[in-house]
Amino acid sequence: MEREKKHIFLIGFMGSGKTSLGKLLARKLNFDFLDTDKLIEEQEKSSIQEIFNSKGESYFRELEHQLLKNISENRFATVFSTGGGMPIFNENITLMKKIGTVVFIDVPVGMLYFRLKNDVKRPLLASQKDLFEYIKITLTERLPIYKQANYTINGSLNKSELVEELIRFYSQNENSGLTAKE
Ligand code: S3P
């Protein structure tokens, strides 16, 4: 019999609302909540921006990969909000699907642009001359991987609608986080 997939991984582009949705979902399901960027910042005692600047993107991608490999299947059921590039590199999406249910928050380019246009923290956005074009191209490249998620939700809905939809999804699925709730 297949092991219950109790963790939930929220994936999606920068600005798709993974962290705020993740916190709310975890509260409703009585799961733990963890943010992978935050875990890396704590571990490195350095911001994501500083890590990119001083050690480079590939070093950061390796940290993401190691972090994922170290997540125990047996830890208390957890909702993870993940960095936007995490599922894209090192076959991380496959690892996530092994130990959890992966949910892609699908947000249209225009909405992402609106949310990201004044961002000053994300290193990948800092040097973009045409931010809209960058988002459009990068999202198009990443979509085939994001879409390998177990479930895709329409990220244009508001937060409480999204949470309701996810809870409905889990309650209909045998191997879901809800069935794993103790
Ligand atoms: C990245 C997304 C960021 C962070 C890093 C790289 C990406 O996380 O991990 O700046 O490649 O899309 P958020 O999606 O939480 O912004």
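In this predicted model, Arg61 is buried, with a relative accessible area of 6%. The cut-off for calling a residue buried is under 20%. One is with Glu57, at 2.9 Å from N to O. Glu57 and Arg61 are four residues apart in the helix, so about one helical turn separates them. Glu57 is partly exposed, at 30% relative accessibility. The side chain of Arg61 also meets that of Glu64 in a salt bridge, again with 2.9 Å between N and O. Here the spacing is three residues, about one turn of the helix. Glu64 is buried, with a relative accessible area of 1%. Through shared partners, these salt bridges join Glu57, Arg61 and Glu64 into one network.

Helix α4 itself covers residues 57-69, which is 13 residues. From first to last C-alpha the helix reaches 19 Å, close to the 18 Å expected at 1.5 Å a residue. Besides Arg61 and Glu64, its buried residues are Phe60, Leu63, His65, Leu67 and Leu68. The elements that cover the buried residues of α4 include strand β1 (7-11) and the helices α2 (36-44), α3 (48-55), α5 (92-99), α7 (123-126) and α8 (131-146).

Two of the buried α4 residues, His65 and Leu68, are touched by Asn92, which also touches Met86 and Pro87, leaving aside residues up to four places away in sequence. Asn92 is located in helix α5 and counts as buried, at 0% relative accessibility.

Next comes the sheet. Five strands form an open sheet in the order β2-β3-β1-β4-β5, with parallel pairing. Strands β2 (32-35) and β5 (151-154) stand at the edges with a single partner strand each, so one side of each has no neighbour in the sheet. From one strand to the next, the twist averages 25°. Helix α5 packs on the sheet, touching β1 and β4 (100-106), and its direction makes about 125° with that of β4.

Arg75 pairs with Asp32, the closest N and O atoms being 3.0 Å apart. Arg75 lies in the loop between α4 and β3, whereas Asp32 is in β2, so the pair ties together parts 43 residues apart in sequence. Arg75 is partly exposed, with a relative accessible area of 29%, and Asp32 is partly exposed with a value of 29%. The count of salt bridges in the model comes to five.

How values were computed:
Residues numbered from 1 in each chain as written. Predicted model: local features only at pLDDT ≥ 70, side-chain atom pairs only at ≥ 80, totals over all residues. Heavy atoms only, no water. Expected span 1.5 Å × (residues − 1). Buried < 20%, exposed > 50% of the residue type's maximum accessible area, 1.4 Å probe, protein only. Contact = heavy atoms within 4.5 Å. Pairing = 2+ DSSP bridges. Axes fitted to C-alpha atoms, helices over the stretch in contact; angles between N-to-C directions. Salt bridge = Lys/Arg side-chain N within 4 Å of Asp/Glu carboxyl O.
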